[in-house]
Every structure is written in C-alpha cells, then in structure tokens.
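I looked things up one at a time and wrote them down as I went.

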Amino acid sequence: MSTTGASADPLAALGSLPGVAESVESVRKAVDRVYGHRIMRRRSNAVTSEAALRGARGSAALSGADWALEEVRRRTDFSGDDEARVVGAALRLTAEAGQLLSIWRQSPLRVLARLHLVAAAGRGDEVGRPRQAGEPVDEPLIELTPPDAAEVSGRLEGLAQLVIAGSSAPALVTAAVVHGELLALRPFVSHNGLVARAAERIVLIGSGLDPKAVCPAEVGHAELGRAAYLAALDGYVSGTPEGMAAWIAHCGRAVELGVRESTAVCEALQRGAA
C-alpha cells in the first residue's frame with residue numbers, strides 16, 4: 001500500500017484523495033436508505049440471509065464460478081467439480097465472516113488464516129498460513145506477478161498493524177485497502193480473491209457501516225465485471241494517488257450496487273413475493 005506523504009494515519013490520508021470523499025458520502029447515503037426501508041424494521045434477518053447468499057454467489061463469480069442464483073440456492077453438494085468447490089468455498093466464507101468480527105481488530109492475521117482454512121476446506125499443510133518461499137500461487141484470474149514470500153510477510157504485518165492501531169478513515173477506505181492489499185499480495189497458495197472479499201465484508205460490517213450485513217459489495221463487484229475489477233486493481237497496485245482513488249471509488253460503487261440488490265429484496269418481501 002502506498003500513501004501520499006508521511007502520516008501517522010495513512011488510511012485517513014487516503015480519504016483526502018480527489019473523489020474519495022464523494023464516494024464515501026455516496027455510499028453512506030445509499031446505506032442509510034436501505035437501512036431506512038420499512039422491511040428492515042420487521043424482517044432484517046431475511047434480508048441479511050438473502051444478502052449473504054447473493055454476496056457469496058457474486059464472490060464465486062469473480063473467482064470463475066458464475067452460477068445463477070437459483071442454482072446456488074438449490075444445490076446442497078459442492079464437492080463435485082472445480083466450480084462447485086469455488087461456490088462452496090464462497091458460501092462457507094460468507095457464513096464464517098460473521099463469526100470473526102470480534103477477533104478482527106485484535107488479530108487480523110489470525111482471521112485471515114482462518115478464512116483461508118475455511119475456503120480451502122483444510123486440505124494440505126500449506127492451508128491456513130501465508131505461502132512460503134518457492135510455493136506457487138493458484139489464482140489464475142489475476143495475472144499480476146505476485147510478490148515473493150518475504151515481501152508478503154512484511155506487508156501483511158504492516159496491514160495488520162494498521163488494522164490493530166485503528167484509523168479515523170471512513171469504513172469504505174479501510175475496507176478497500178484491506179481488499180486491495182490482499183489481492184495484490186495473494187498471501188496464500190489459493191483462494192486469495194475469495195478471502196480478500198470476505199475480509200472486505202468483515203471490515204464493512206465490523207466498522208458499523210453495515211452492521212446487519214445487508215450491503216453485499218461482492219454483488220456489486222460481480223456486476224461491475226471482472227475486467228473492471230482487474231483494471232481497478234491495477235490502479236491500487238500502482239500506488240499512485242489516482243490509482244488508489246480509482247480503486248476506492250470502484251469499491252464504493254460495488255457497495256452501492258449491493259445496496260441496490262438488497263433494496264430490491266426489501267421490495268420483494270414487502271410485496272410478499274420472496
């Protein structure tokens with residue numbers, strides 16, 4: 001992660017980049033609107049459950065398993081082919097994320113290890129820990145050359161310290177940086193995209209921006225498309241102010257599209273159609 005100038009709170013410094021404040025405000029207004037929906041006062045648990053399912057579907061789509069929502073809803077066995085295993089991993093991560101909120105601020109590296117363990121379903125001694133020197137990365141949809149194990153270790157520790165120290169930065173900024181840094185590092189031998197998006201979810205929920213988990217950014221990332229996702233990631237990896245701001249704005253738009261999805265769910269519940 002690169003920021004402009006020295007700062008005791010580098011995440012907050014990102015909030016001053018051109019266009020970021022506007023993205024933050026737009027996201028806040030969108031989130032406030034869905035939380036103000038009358039259905040959220042009576043049936044928020046149903047909206048949360050549906051958002052989790054749709055978020056998992058979106059995350060899986062970005063990792064190469066673009067299944068119809070009804071297929072994800074219908075399936076009970078995710079142990080078949082590679083796509084089924086990706087969808088299963090995304091569903092497990094979405095369920096697990098909610099159990100890790102209280103741990104994240106004290107031990108983010110422990111949470112990331114747990115997320116990878118859950119995603120990979122405990123296969124192999126390389127699961128649940130950052131990759132070591134010489135271990136390859138299986139993340140075919142992200143073609144950027146991954147940093148070596150030594151750089152990964154140092155930057156993961158730096159990210160963890162930022163999370164533990166806390167920041168005055170808006171939740172969107174923190175979530176975008178956590179997401180982008182994990183995609184850039186690809187710290188595990190597999191499932192890095194799924195883990196990065198689950199970590200973004202944890203930050204958005206745990207920060208208080210989306211405490212009921214009804215704003216699935218994963219839906220928005222999938223809707224914006226893989227090409228736009230990777231182009232925005234290139235901006236993050238560049239470390240330039242323009243690139244960082246573009247990545248944060250992209251993540252903000254993804255949250256807004258997740259809000260739109262849950263607003264549609266609220267409307268359907270209100271009509272008695274879902």
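Entry 1. I began with Glu 50, which counts as buried because its relative accessibility is 14%, below the 20% limit for that class. I note that the model is predicted.

Entry 2. I then asked which side chain Glu 50 meets in a salt bridge. The partner is Arg 73, with 2.8 Å from N to O. I checked where the two sit: Glu 50 is in helix H4 (residues 44-62) and Arg 73 in helix H5 (residues 69-74), so the pair links distant parts of the chain under the helix assignment used. They are 23 residues apart. Arg 73 has a relative accessible area of 36%, so I put it down as partly exposed.

Entry 3. I looked up Arg 54 next and found a salt bridge to Glu 261, with the closest N and O atoms 2.9 Å apart. This pair also links distant parts of the chain: Arg 54 belongs to helix H4 and Glu 261 to helix H14, 207 residues apart. Glu 261 counts as partly exposed, at 24% relative accessibility.

Entry 4. Asp 82 is exposed at 56%, whereas Arg 85 is partly exposed at 31%.

Entry 5. My search of the whole structure gave 15 salt bridges.

Entry 6. I turned to positive charge on the surface and found a patch where Arg 38, Arg 41, Arg 42 and Arg 43 gather. Arg 41 is in helix H3 (residues 38-42). Its relative accessibility is 63%, so Arg 41 counts as exposed.

Entry 7. I checked the length of helix H14 (residues 241-271). With 31 residues at 1.5 Å a residue the helix should span 45 Å, and the end C-alpha atoms are 45 Å apart, so the two values agree.

Entry 8. Last, I looked at what follows H14, which is Gly 272, with a positive phi near 80°. Gly 272 is exposed, at a relative accessible area of 62%. Its C-alpha atom is separated by 30 Å from that of Gly 252, 20 residues apart along the chain.

Notes. Residues are numbered from 1 along each chain as its sequence is written. This is a predicted model: local features need pLDDT of at least 70, side-chain atom pairs count only at pLDDT 80 or more; totals for chains, interfaces and linings use all residues. Side-chain values use heavy atoms; hydrogens and water are left out. Patches are made of residues with over 30% relative accessible area and no salt bridge: like charges are joined within 9 Å, nonpolar side chains (Val, Leu, Ile, Met, Phe, Trp, Tyr) within 5 Å. Accessible areas come from the Shrake-Rupley method with a 1.4 Å probe; for residues, only the protein chains shown count as cover. A salt bridge is a side-chain nitrogen of Lys or Arg within 4 Å of a carboxyl oxygen of Asp or Glu. Lys and Arg count as positive and Asp and Glu as negative; His and the chain ends are not counted. The place of a charge is taken as NZ of Lys, CZ of Arg, CG of Asp or CD of Glu. Helices (H or I, at least four residues) and strands (E, at least two) are DSSP runs, numbered from the N terminus. Buried means under 20% relative accessible area, exposed over 50%, partly exposed in between (1.4 Å probe, protein chains only). The expected span of a helix is 1.5 Å times one less than its number of residues.
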